[in-house]
Amino acid sequence: MRDFALVRPASLADAAAAFSGGGEAAYLAGGHTLIPAMKSRLRMPDALVDLSGLGLSGITRDGNRLWIGAMTRHADVATGATAIPGLAALASGIGDAQVRNRGTLGGSVANNDPAADYPAACLALDALIETDRGSHTADDFFQGMFTTALADGEIITRIGFSIPARSAYAKFRHPASRYAVVGVYVADHGGQWRVAVTGAGPGVFRWAEAEAAIAAGGALPAMPADDLNSDIHAGPDYRAHLCGVMLKQALACLA
Amino acid sequence: MKFGTGQSTPRVEDARLLTGQGRYTDDMARPGMLYGTTLRSPHAHAAISSIDISAALEVPGVVAVYTHADIAGYGPIPCLVPLSGEVKTPRTLLAGDRVRFVGDGVAFVVAETREAARAGAEAIWVEYEELPAVASIAAAIAPDAPKIWPQAASNSLFDWQVGNPDAVAEALAKAAHVTRLRIIQNRVAPTSMEVRAALGEFDAEAGFTLTTGSQGVASMRRELSKVILKVPEDQVRIITHDVGGGFGMKSFIYPEYALVLHAARQLGKPVKWTGERSDAFQTDTHGRAMESEAALALDAEGRILALKVETWSDLGAYQAQFGPAIQTMAGGRIMGGVYRIPAIQNLVHGVVTNTTPVDAYRGAGRPESAYIMERLIEAAAREIGLGVDEIRAKNLLTPAELPHANGLGLTFDIGNFPAVLERAKQVADWAGFPARKAAAAARGKRLGRGMAYYVEIAGGGGTEEHADVKVAADGRIEMAVGTQSNGQGHETAYGQVLAARLGVPLEQIRIVQGDTARMEVGGGTGGSRSMAFGGGAVLQCADDMIARGTALAEADLGGDVDYGDGLFKARGSNATLSWAELASRHPGALDGRSRYTTKESKPAPTFPNGCHIAEVELDPDTGVIAVTRYALVDDFGVLVNPMLVEGQIHGGIAQGLGQAVLENIVYDDAGQLLTGSFMDYGIPRADQMPPAVTFETLNTPSPTNPLGVKGCGEAGTIGAMPSVINAIIDALDGKQVEMPATPEKLWRLANAA
Ligand SMILES: Cc1cc2nc3c(=O)[nH]c(=O)nc-3n(C[C@H](O)[C@H](O)[C@H](O)COP(=O)(O)OP(=O)(O)OC[C@H]3O[C@@H](n4cnc5c(N)ncnc54)[C@H](O)[C@@H]3O)c2cc1C
């Protein structure tokens, strides 16, 4: 890992200022994506701006939204997001215990790995992603592989999830990394259904046909394999099939 | 007690290892120490046009950059079994005019910090002219394939054959039934928990000191000094501290081991190199990597008439230290296992590819042979309508038929194979399977059951081992043994053997290893040989020290002396002398070295064998399997420490299971490594292991060594690969599947017409 400066700001304004203080900077949350990238020299920031001193962690309920601070660890979501059991269960299935004790909601969402779990929850739970500059709806936020609506230096502060009547997440784990080969999050917002799929495609997406079918009580659709990912672990047709299986599993969890 | 202690004594090394007191190579630091890093080829096959190191030398902290020109005076890493004859495949410490696999070393950068060394490596400008690569066996043996070694006739460097081809051809021609399979054994990475590291030091008087995690310092020193560094052996000291897993891979010399020594001599400072996980995936020798065509001829009743196997063994880009021997001398003669097979032919082609060199990996050839036979015999049973237990029972050698020469140069000495099979069926609740299968089917799952009867040759290579004892004035006994624990628990097991022989408490004993300055001879650890050979050496050394002590005590006490329970007792009086008393009266006089040799100094392999039975549950909707039951009965001869044995079994099963369903080194057609990290290369986790491993032994002591042990380090892996795959094939109603049996493959097969 190359030498870098570590900055520990105490306010959002200081953090943003440190970020634009010259040279390449990166925000440091749990470090479970960033640090490995630095070790393998894929990223070589001059400065790391640590977000842990900004009071960005914690879980609060405000009406029909569950607000979770960007710096909240996966392990704390797993135990603390009791208002949305599907979300808590999702968090408890991320990586392993070490990853869950370090990795954060904000880091995962900002990173938008196409195989990450949280982006599916954000889409299906119609989340608001709040930042130091404003807020984004989940539908607008995720823009494909590792790409989001965040501007350079914009900091996610907290994420507000709509509390659904029922929701569940089913994930087919990658045999090596245990990220999602396919993950499907299903949420019933009082008859309005949202279904989000991660892992299968180049980025998280909503599965409109499934939403309509569930709402109408019709037969569940098959996922077309056309634009799905293919790698040594799963071809597109297998991924497409798994979307259907995970959808069924998630629906079964709701019952 | 005649045979060791037989107690599950807790490991004496655990307190140290579990409290962070272990000492691994990378833990070592020296004042003024420099750090080395290797710049590796990004191409699978390329000519090096030029290397410009000038920018690297400008990087702050960089002290030196070495390329092939600097190390051309050293010998290449030797292949000790060059079956290719006249065609040599020398692996120089750094590539000369050509690189032959992704990861081949091109330059070695030494700097004041690890980071500076890395930055230096990045600043080196290498101009490559890419050459067409052959990244698989099929590509390598295709007509007109580009040649990796131009002086060779083709990429197939040698043919090795044992057995009786004529008799096999005849039997195949007239057999009532012939089962044929094409079998692939996937390439795997050893993935030791501790990655390789090396610390090089040089002193004008004492010469070189290399600290590295090896599987035996003495054998490594022999090749490193004479062949590579070209200095007398006594100018090289090798030290091995704790080792976090080797599995065969750490037996070998890697370029960095000589490069740190070269740099230390040139720069007058200690130089340390520590590999990263990506270095490990790219450059630790890989295992297995072979394809076979196999045929089993049977008569109408299912009795085996002949076995024919032809294998293409992927050697990687260079013939590694033992690489060519793995499917041939090491594993090729055990083909067919302990079945009654009148005619066997085993033909092996050694093929080079533009990939990481392949060498010994837990079992080293024996799992591969067992896997082929155990796949074949279950396929045959299915084809002719016999039970997989019945066909084995029919064909296993009985005790009355032993000793039995297998026609490939091995003679099975002892064992009761049918009894082991029967017992394994009981332990596995063989009879209860149909009910479990029906219950699984009711849940939409397909239950399959697979068996494997394996036999191993253990301790096959050498004929001797050494132990060297020192008795301190306080009576503490320190014994060096010429083998090397990589985590197995040798300190405990040898301590038990010695304590039992001497009648002293284990606490009075310390077992040491891994320093050529303490003991410059020893065969190291590999091929499940340590307890058979090292144990023999410990006993010999104990007997010799008792003899020395008796002579000293008789002189001191003036008369005949008997030894027992740690005391030399005068026969005519109550006078006694303890080890402490004798050692303080006669400093050094009790010390000495003993050499244990097999009878007539001939190789005396042991034949651990056993029966594994696995049950797997397949979810046809996803292709996911779970190993729901696992039972095995082994014949390991005498057990010195049953708990250590069981630990070896669990670890062995994990590695066999890993290879069977998960682990896979994948190169693309251009020879790029697609599975270079744990993000893509899966290894088994605790939750993928069977919920319980039911393990028993039914032992017949080996007559080849004084302890009667047979060796157990590789056995778990050998049985697990075929038993798990056979169970999966059973769950697929006989559809053949190759390793790794991944969910995607199984989903396709489960849903194929
Ligand atoms: C072994 C392993 C297994 C894993 N398995 C899974 C898995 O199964 N499922 C899964 O979803 N993930 C998995 N992960 C990823 C893990 O959840 C990461 O922790 C997460 O993706 C990134 O979160 P972090 O807090 O570690 O972020 P960091 O690594 O600190 O940062 C990631 C990126 O986001 C930026 N960033 C961080 N916080 C903010 C913020 N508040 N505002 C703006 N930008 C920010 C950083 O600058 C950086 O670019 C795994 C990781 C590892 C190492």
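Where is the place of Ala289(B)? Ala289(B) sits in strand 13 of chain B. The legends below return to that strand.

This is a predicted model, in which local features need pLDDT of at least 70, side-chain atom pairs count only at pLDDT 80 or more, and totals for chains, interfaces and linings use all residues. Residues are numbered from 1 along each chain as its sequence is written, while chains are lettered from A and ligands numbered from 1 in the order in which they are written.

**View 1. An open sheet of five strands in chain B.** The strand order is 7-15-14-13-8, with mixed pairing. Helices (H or I, at least four residues) and strands (E, at least two) are DSSP runs, numbered from the N terminus. Two strands pair if DSSP finds at least two bridges between them. Strand 7 (156-163) and strand 8 (177-188) stand at the edges; each has a single partner strand, so one side of each is left without a neighbour in the sheet. On average, neighbouring strands are turned by 10° against each other, direction ignored. Axes are lines fitted to C-alpha atoms, for helices over the stretch in contact, and angles run from 0 to 180 degrees between N-to-C directions.

**View 2. Strands 13 and 14 of chain B, with helix 11.** Strand 13 (residues 287-298) and strand 14 (residues 304-316) run antiparallel, joined by nine bridges. Ala295(B) stands opposite Lys308(B) in strand 14. Helix 11 (residues 366-384) of chain B packs on the sheet and touches strand 8, strand 13 and strand 14. The direction of helix 11 makes about 145° with that of strand 8. Contact between two residues means C-beta atoms, placed from the backbone, within 7 Å.

**View 3. Two alanines with positive phi.** Phi of Ala289(B) is near 65°, a positive value in a residue other than glycine. Ala289(B) is buried, with 29 other C-beta atoms within 10 Å. Phi of Ala364(B) is near 45°, also positive in a residue other than glycine. Ala364(B) lies in the loop between strand 15 (343-352) and helix 11 of chain B. Ala364(B) is buried too, with 26 other C-beta atoms within 10 Å. A residue is buried if 20 or more other C-beta atoms lie within 10 Å of its own, exposed if 12 or fewer, and partly exposed in between; C-beta atoms are placed from the backbone.

**View 4. Helix 7 of chain B and its neighbours.** The buried residues of helix 7 include Met220(B), Leu224(B) and Ile228(B). The buried residues of helix 7 pack against strand 10 (207-212), strand 11 (236-239) and helix 8 (255-267) of chain B. Lys230(B) follows helix 7, and its phi is positive, near 60°.

**View 5. The shell around the ligand.** Of the 30 residues around the ligand, Gly30(A), Gly95(A), Gly103(A), Gly106(A) and Gly107(A) come nearest. A residue counts as near if its C-beta atom, placed from the backbone, lies within 6 Å. Helix 6 of chain A gives the most to this shell, with five residues. The shell divides into 15 nonpolar, 12 polar and three charged residues. Ala, Val, Leu, Ile, Met, Phe, Trp, Tyr, Cys and Pro count as nonpolar, Asp, Glu, Lys and Arg as charged, and the others, Gly among them, as polar.

**View 6. Two cis peptide bonds in chain B.** The bond from Leu402(B) to Pro403(B) is cis, with omega near -5°. Pro403(B) is in the loop between helix 12 (388-395) and strand 16 (404-405). The bond from Met739(B) to Pro740(B) is cis, with omega near -10°.
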